[in-house]
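Please keep the sequence and the coordinates at hand while reading.

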Amino acid sequence: MDEKPSGPRFAIPAWAWIIVILGVILGLQFWLSGRFSAPPPVPLSEAAGLINDGDVEEIEVNGNKVTITLEDGEVITTNKDEGSVIEQLGNLGISEETLAATPIFFNDPSAWNTILTIAISLGPVLILIWIFSRSFRQMQGGGGGNSIFNFGRSKAKDLTGADKPTVTFDDVAGVDEAKAEVQEIVQFLREPERFIQVGARIPKGVLMVGPPGTGKTLLARAIAGEASVPFFHISGSEFVEMFVGVGASRVRDLFDKAKQHAPAIVFVDEIDAVGRQRGTGMGGGHDEREQTLNQILVEMDGFSNETNIIVIAATNRPDVLDPALLRPGRFDRKVMVDLPDVRGREAILQIHMRGKPIADEVVLGDMARLTAGFAGADLENLMNEAAIYAARRSRTEIQPIDFQDAFDRIVMGPERKSRVLSEEDKELTAYHEAGHAVVSFNLIHTDPVQKVTIIPRGRAGGYVMSLPEDRLAQTRDQFEDQIAFAFGGRAAEEIFFGRITTGAASDLQQATRIARAMVMHYGMSDSLGLRTFGEQQGSIFLGRDLTYGRDYSEDAAKSIDEEVTHILDLNYVRAKQIVEENKDKLVELALELMKIETLDREDFERLMDREDEETDPVGTPSD
């Protein structure tokens, strides 16, 4: 590994050198032309008259330039013609006695002028040669990865010694299965004999796949912190340059380094930057990215495959990777690093609680349930935002309200305190959100209401927050209850105000998206049968899953639209029915929201008084 420079290096830019050189050349030219001398030259005849009028101390002749110094210190310069200066002064009326009594000094300027001429001509060229040679030496020796001769060298960082990460497997939570897989990789390298004696082959590569923020790079850092072998880390984008062949050269250099330190681990982050399927880029087989991928394939499983090196790669786009890269013998194991479940989220929150003063009132189980769908990075951000809220409020402990505000900020956006609602808008928003909450409360398959508020956040004027549960699959009844819940605000507006507003725009989009997915992807349609509609297509070079090919007729498209409309209309009728049957509770809830703006789950359920309800929860149309 290259040594780091001891301190910052000051480099003069090239444009500064150019300005200095031009200034020197212009200065020499002005100096040689005599423009810096004083006084300006006078005619020789005028100088002769001044010599006759005053006492002359000396006359100095430099070529055709004559400098006359008078006894009073005045200096006069003039120019003579070719020939003797004594004859020319005599022709101008100066007597021989005056000339004989005047000291005259003659200087031969030919050698000096020759030297200056050569310096002016060759000096700038020599200086430019020196500047370029100096820059060239810096690029060759001290330029590091940006050197001309270092383009083909790998930029991988060897995370050993002082650079070894302090992260261990104890700092990784929520992905127990993935952690067990990579822990076994470390054991392969620490105790290879244990596996070789039973005929087991060390895996060539491990591909970690998962959504962004789930901890793929964190797992790699934990491997680097736990492994007692050299660990080389590089990003996929660092292989590819504008020069053809550089990426392949860097791959060879990287694996050469790893072979020299074997057993070793090579970690390639975001491998999809270089591992996309071949034959889809501009330039065909001569594409630089494809040459780089070809070299990776050869290094991982070529003829020389007896090296004790394990390649670990991470990506969130496994669908665009080349099939040759994914086959056994290259990436033998594919580790899914998925979103954590409720227990995993609680364990992640406990890790991020380290070093933070948490109040006893904070229940991590509730926070874990509330954050369904959050990745590890989201949970770390939630904990940090809660700490920021506590510090902003000058608290010494992080309170539940800090977590709640942090969650609202992450999910809905910052609170818009500058937005002041009129009484009419406030009333409309209160009834709209109360409609959502009442409909949700009276349905069977919806999540419990955690919070109801009319405080604007982000683009929302108010919102109802549910406490979701982790589900592997969803039923048709659950989808239809979600649609009815989305229509609750629109139903309340129509029943209580007799008009509709734009406040339900996002609710309509959500309901339509659910209904269309039910019909086109999940086969939850009575009239269209058990089939899906729309074939996924997309350019591999640009990324898959970009478009949906139409594999159905115009008649089928009409039937899909009719079925989606039928599902939406049916559940809107259910939402209106619930609102009509619970008008009193809805009005009471809306008035409470207009008064205190926010109700938590306990206050909301107390107001709804579920135990004393005479009506049963409304089931789905299929009940």
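Ser394 counts as exposed, because its relative accessibility is 67% and exposed means over 50%. The model in which this residue is seen is a predicted one. Ser394 sits in the loop that joins α14 (376-392) to α15 (400-412). Its backbone is a point to check: phi of Ser394 is near 60°, a positive value in a residue other than glycine. Most residues other than glycine have a negative phi.

Glu270 is another such residue, with a positive phi of about 50° although it is not a glycine. Glu270 is placed in the loop between β8 and α10. The relative accessible area of Glu270 is 32%, so this residue is partly exposed.

The loop between β8 (264-269) and α10 (288-300) also holds Asp272. Is Asp272 buried or exposed? Asp272 counts as buried, because its relative accessibility is 11% and the limit for buried is under 20%. Which residues does Asp272 touch, once those up to four places away in sequence are not counted? They are Thr315, Asn316, Arg317, Val320 and Leu321.

For the chain as a whole, the secondary structure comes to 22 helices and 15 strands. The protein chain has 623 residues, of which 41% count as buried. Of the contacts in the chain with a separation of 6 or more, 73% are accounted for by residues 24 or more positions apart.

Val75, with a relative accessible area of 30%, is partly exposed. In sequence, Thr77 and Val66 are 11 residues apart, and their C-alpha atoms are separated by 5.7 Å. Val75 and Glu58 are 17 residues apart in sequence, with a C-alpha to C-alpha distance of 9.9 Å.

The next topic is helix packing. Two packed helices are described by the angle between their axes and the distance between the axes. For α16 and α18, the axes come within 7 Å and cross at roughly 125°. That angle makes α16 oblique to α18. The crossing in which α16 passes α18 is right-handed. On the α16 side, the residues that meet α18 are Glu427, Leu428, Tyr431, His432, Gly435, His436 and Val439. On the α18 side they are Gly488, Gly489, Arg490, Ala492, Glu493, Phe496 and Phe497. By type, the residues of the contact of α16 with α18 divide into 6 nonpolar, 5 polar and 3 charged.

At what angle do α17 and α19 pack? The angle is about 160°, and the axes of α17 and α19 are 9 Å apart. That makes α17 roughly antiparallel to α19, because angles over 145 degrees count as roughly antiparallel. The crossing of α17 and α19 is left-handed. From α17, the contact takes in Arg476, Phe479, Glu480, Gln482, Ile483 and Ala486. From α19, the residues are Asp507, Gln510, Ala511, Ile514, Ala515 and Met518. The residues of the contact of α17 with α19 divide into 7 nonpolar, 2 polar and 3 charged.

With its neighbours within four places in sequence left aside, Leu593 is in contact with Ala430, Ala434, Val452, Thr453, Ile454, Thr598 and Leu599.

Terms used: Residues numbered from 1 in each chain as written. Predicted model: local features only at pLDDT ≥ 70, side-chain atom pairs only at ≥ 80, totals over all residues. Heavy atoms only, no water. Contact = heavy atoms within 4.5 Å. Axes fitted to C-alpha atoms, helices over the stretch in contact; angles between N-to-C directions. Helix = DSSP H or I, 4+ residues; strand = E, 2+ residues; numbered from the N terminus. Parallel < 35°, antiparallel > 145°, perpendicular 65-115°, else oblique. Left-handed = near helix turned anticlockwise from the far one by under 90°. Nonpolar A, V, L, I, M, F, W, Y, C, P; charged D, E, K, R; others polar. Buried < 20%, exposed > 50% of the residue type's maximum accessible area, 1.4 Å probe, protein only.
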